[in-house]
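Me: I want to know what lies behind the labels on this model. Let me go through them with you.

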Amino acid sequence: MSRTDILMTAPMMPVVIETLDKAFTLHRLWEQDDREAFLETIGPRIRGIATSTLYGRLEASLLDRLPSVEIIASFGVGYDNVDAAEAARRGIVVTNTPGVLDDEVADLTIGLLLATLRKIPQADRYLREGQWLKAPFPLSATLRERKVGIVGLGRIGKAIARRLSGFDVGIAYHGRSRQPDVAYPYYPTVTDLAQASDVLIVITPGGPSTRHLIDAQVLQALGPNGVLINVARGSVVDEQALIEALRSGTILSAGLDVYEDEPRVPQELIAMEHVVLLPHVASGSVHTRKAMGKLVADNLIAWFDDKGPLTPVPETPYKGRVD
């Protein structure tokens, strides 16, 4: 009996590759010397795709070459690397990896916030460069008595809020709508939230609907004592507006894990001493990445075992197979 053909678009963790290799005939797109010939001969047999937010967008032009695809399993809670609306139009189910990375991202967010306010990386460099021998490190800003606004109070946003509650700071949020079971103050616009906050943590999904949600107006509202933390998607922040706000003192500082054109980070940001920059590592522990990879494989295995997808995205809800 022939095995189901699955396509992996870019390298994933060995445990994911090994699991899918055992369950399916796994084709590695990045290893194909002649991609066009591969898609011409093997493309029509591919029934499932494993892809990742870490390696760029899965374009509709590729799906055109894979007419038998039934499911796209995406590595990451965000899935703006896949055009889910287009997948839905084609009758393809899209899955992501929610839940398993919430705590890891929330932990990193608090670490990034403290590192940005207390200048932890800068202090480390100061000591290593021998500067402490000459003078004490300058005093930093603080988390004390700050008001923290969270843009996007989903699962990860709530996990961040739970951690922040231990720091005895004010917490408010903005989202598409007020959540009836949430006691934190709600602001109907991001600008209103920024006006009421001096830390703005961005953890909203990416995609066209949130592109440049954090713009010059929002940064102006955040103010000269304000700190921006972005652990969402680089597209959510107008990067040039942020650079100008940091350069001019419109806001105090920023801690960033994501950028508009990853892995290319603007030299203007790299040159700034008052920002903290991370290379998109919010979920980047061995433990959590393994759990995410396992969920990618589990979604594909469940689908082809006729059990349905485990974590379909809202644009492609599963209503049972139509034969």
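**Domains, rings and charges**

Reply: The protein chain is split into domain 1 (5–99 + 286–305) and domain 2 (101–277). Keep in mind that this is a predicted model. The C-alpha centres of domain 1 and domain 2 are 32 Å apart. In their contact, domain 1 supplies 10 residues and domain 2 supplies 8 residues.

Me: How much area do domain 1 and domain 2 bury between them, and what share of it is on carbon and sulfur atoms?

Reply: About 720 Å², with 54% on carbon and sulfur atoms. On the domain 1 side, Asp80, Gly99 and Thr288 lose the most area to domain 2, together 59% of what that side buries.

Me: What makes Asp80 and Arg233 a salt bridge?

Reply: The N to O distance between their side chains is 2.9 Å. The cut-off is within 4 Å, so the pair qualifies. Across the interface of domain 1 and domain 2, the rule finds 1 salt bridge.

Me: Why is the pair of Phe24 and Phe304 called edge-to-face?

Reply: Two values decide. The ring centres are 5.7 Å apart, and pairing needs centres within 6.5 Å, so the rings pair. The planes stand at 70°, and over 60 degrees counts as edge-to-face, so that is the label. The whole structure has 4 aromatic pairs.

Me: What does the pair of Phe24 and Phe304 tie together?

Reply: Phe24 is in the loop between helix H1 (14–23) and strand S2 (25–28), and Phe304 is in helix H12 (residues 286–304), so the pair ties together parts that are 280 residues apart in sequence.

Me: How do you know whether Phe24 is buried or exposed?

Reply: Its relative accessible area is 4%. Buried means under 20%, so Phe24 is buried. Phe304, at 15%, is buried as well.

Me: Which geometry does the pair of Trp303 and Tyr318 have?

Reply: Edge-to-face, at 5.5 Å centre to centre with 70° between the planes. Trp303 lies in helix H12 and Tyr318 in the segment after H12, so the pair ties together parts 15 residues apart in sequence.

Me: Why is Trp303 called buried, and what is Tyr318 called?

Reply: Trp303 has 6% relative accessibility, which is under 20%, so it counts as buried. Tyr318 has 31%, which falls between 20% and 50%, so Tyr318 is partly exposed.

Me: How many salt bridges does the rule count?

Reply: The count comes to 20 salt bridges. One of them joins Asp21 and Arg28, with the closest N and O atoms 2.5 Å apart. Asp21 is partly exposed at 28%, while Arg28 counts as buried at 18%.

Me: Why does the pair of Asp83 and Arg57 count as a salt bridge?

Reply: Their N to O distance is 3.9 Å. The limit is within 4 Å, so the pair counts. It links distant parts of the chain: Asp83 in the loop between strand S4 (71–75) and helix H4 (84–89), Arg57 in the loop between strand S3 (46–52) and helix H3 (60–64). Asp83 is partly exposed at 32%. Arg57 is partly exposed at 41%.

Me: What makes Arg211 and Glu260 a link between distant parts of the chain?

Reply: Their side chains meet in a salt bridge at 3.6 Å, N to O. Arg211 and Glu260 sit in loops 49 residues apart. Glu260 is partly exposed, at 31% relative accessibility. Elsewhere, salt bridges that share partners join Asp64, Glu86, Arg89 and Arg90 into one network.

Methods
Residues numbered from 1 in each chain as written. Predicted model: local features only at pLDDT ≥ 70, side-chain atom pairs only at ≥ 80, totals over all residues. Heavy atoms only, no water. Phe/Tyr/Trp six-rings, centres within 6.5 Å; stacked < 30°, edge-to-face > 60°. Helix = DSSP H or I, 4+ residues; strand = E, 2+ residues; numbered from the N terminus. Buried < 20%, exposed > 50% of the residue type's maximum accessible area, 1.4 Å probe, protein only. Domains from an automatic or database assignment. Contact = heavy atoms within 4.5 Å. Buried area = accessible area lost by both parts, 1.4 Å probe.
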